[in-house]
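Let's take a look around a protein model together. Keep the 3D view open while you read, and click on the residues as they come up.

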Amino acid sequence: MPELPRYKCLRTTAVPNLDGTLTDPAWDAAPWTTDFVDIRGGDSPAPRFRTRAKLMYDDEFLYVGGQLEEPHVWSTMTEQNTYLYEENNFELFLDPDGDGLNYYELEINPLSTLWELTLPKPYDDGGVAVSPTNLPGLRTAVHIDGTLNDPSDTDTGWSVELALPWTDLAQYNQGKPHPDAGDEWRMNLMRIEWNHSVVDGEYRKGEQQDFWVWSPQYVVDMHKPSQWGVLEF
């Protein structure tokens, strides 16, 4: 297997204003991840639309920003802690202690609807999701660069900002209150993109979806923590 991607997560001294745009000056020093690729890796087709992310941290939060190119931003799911992968979304997976067990998953859609869950172990190993597992101090913001649910125009995309409190993430890191410089976590990021049609002026979800990720899994299954990338503080 090719070497796992790595991301150097920098400490910020400025608290970003979370409005979903990633335009706050605090983000300027944070590098972009490599562009997302097909989950299957290798010679799989390149994603049709660009997806990338930035991360940084301070004493209280891990900040994650995602930028998703999308000419047709649509979403219908508004009920929290439901199967958001059934429509277009953005997902975060974190395994702070890197043991492939007791890891956190977050999904968010263009309507800012959230699903948070914990996997004691991967599904293929008999894991049963603890759902929901909502982090009390989580902060989120979504920005639509265009018009939501309007097929009559062409959008630029949508973006996401997350602030995950160390105090809430400690349960996944053997109680450790925050990472130290040099610590390495396992992480992956994913975008699900469904095809669609337009019927009577409204979007209709199709039957095919793509899975675009930061760290390829080489199989259509995000629950392979050994194939997640490395988040280095």
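Are Arg 191 and Glu 193 buried or exposed? Both of them are buried. Keep in mind that this is a predicted model. The side chains of Arg 191 and Glu 193 also meet in a salt bridge, at 3.2 Å from N to O.

**Salt bridges**

Lys 8 has a relative accessible area of 42%, so we call Lys 8 partly exposed. Glu 232 is partly exposed too, with a relative accessible area of 21%. Lys 8 and Glu 232 also belong to a network of salt bridges that takes in Arg 6 and Glu 184.

Now find Asp 180 and Lys 176, whose side chains meet in a salt bridge at 3.2 Å, N to O. Asp 180 is partly exposed, with a relative accessible area of 37%, and Lys 176 counts as partly exposed at 28%.

| Residue | Residue | Distance, N to O |
|---|---|---|
| Asp 180 | Lys 176 | 3.2 Å |
| Arg 191 | Glu 193 | 3.2 Å |

What does Leu 62 touch, leaving out residues up to four places away in sequence? The list includes Cys 9, Leu 55, Leu 94, Leu 164, Trp 166, Leu 231 and Phe 233.

**Aromatic rings**

Next, the rings. A pair of aromatic rings is described by the distance of the centres and the angle of the planes. The whole structure holds 14 aromatic pairs. Take Tyr 83 and Trp 115: this pair is tilted, with 5.3 Å from centre to centre and 55° between the planes. Tyr 83 sits in the loop between β5 and β6, and Trp 115 in strand β8 (residues 114–119), so to speak two distant parts of the chain, 32 residues apart. Tyr 83 is partly exposed, with a relative accessible area of 47%, whereas Trp 115 is buried at 5%.

Now compare Tyr 103 and Trp 228. Their ring centres are 5.0 Å apart and their planes stand at 85°, so the pair is edge-to-face. Tyr 103 lies in strand β7 and Trp 228 in the loop between β12 (202–213) and β13, so the pair ties together parts that are 125 residues apart in sequence. Tyr 103 is buried, with a relative accessible area of 0%, and Trp 228 is buried with a value of 0% as well.

Rings can also gather in a group: Tyr 57, Trp 166, Trp 185 and Phe 233 form one aromatic cluster. Arg 52 lies over the face of Trp 32, 3.9 Å from the ring centre, while the charged end of Arg 139 sits over the ring of Phe 61, 5.5 Å from its centre.

**Strands and their partners**

Last stop, the strands. Five of them make an open sheet in the order β2-β4-β5-β10-β9, with mixed pairing.

Strand β3 (residues 37–38) is joined to β12 by two bridges, and the two run antiparallel; the bridge partner of Asp 38 in β12 is Trp 212. β11 also pairs with β12 in the antiparallel sense, over nine bridges, and Ser 197 has Arg 204 as its bridge partner in β12. The hairpin of β11 and β12 has two residues between the strands, and Asp 200 takes a positive phi near 55° in this hairpin.

Key. Residues numbered from 1 in each chain as written. Predicted model: local features only at pLDDT ≥ 70, side-chain atom pairs only at ≥ 80, totals over all residues. Heavy atoms only, no water. Buried < 20%, exposed > 50% of the residue type's maximum accessible area, 1.4 Å probe, protein only. Salt bridge = Lys/Arg side-chain N within 4 Å of Asp/Glu carboxyl O. Contact = heavy atoms within 4.5 Å. Phe/Tyr/Trp six-rings, centres within 6.5 Å; stacked < 30°, edge-to-face > 60°. Helix = DSSP H or I, 4+ residues; strand = E, 2+ residues; numbered from the N terminus. Lys NZ or Arg CZ within 6 Å of the ring centre and 35° of its normal. Pairing = 2+ DSSP bridges.
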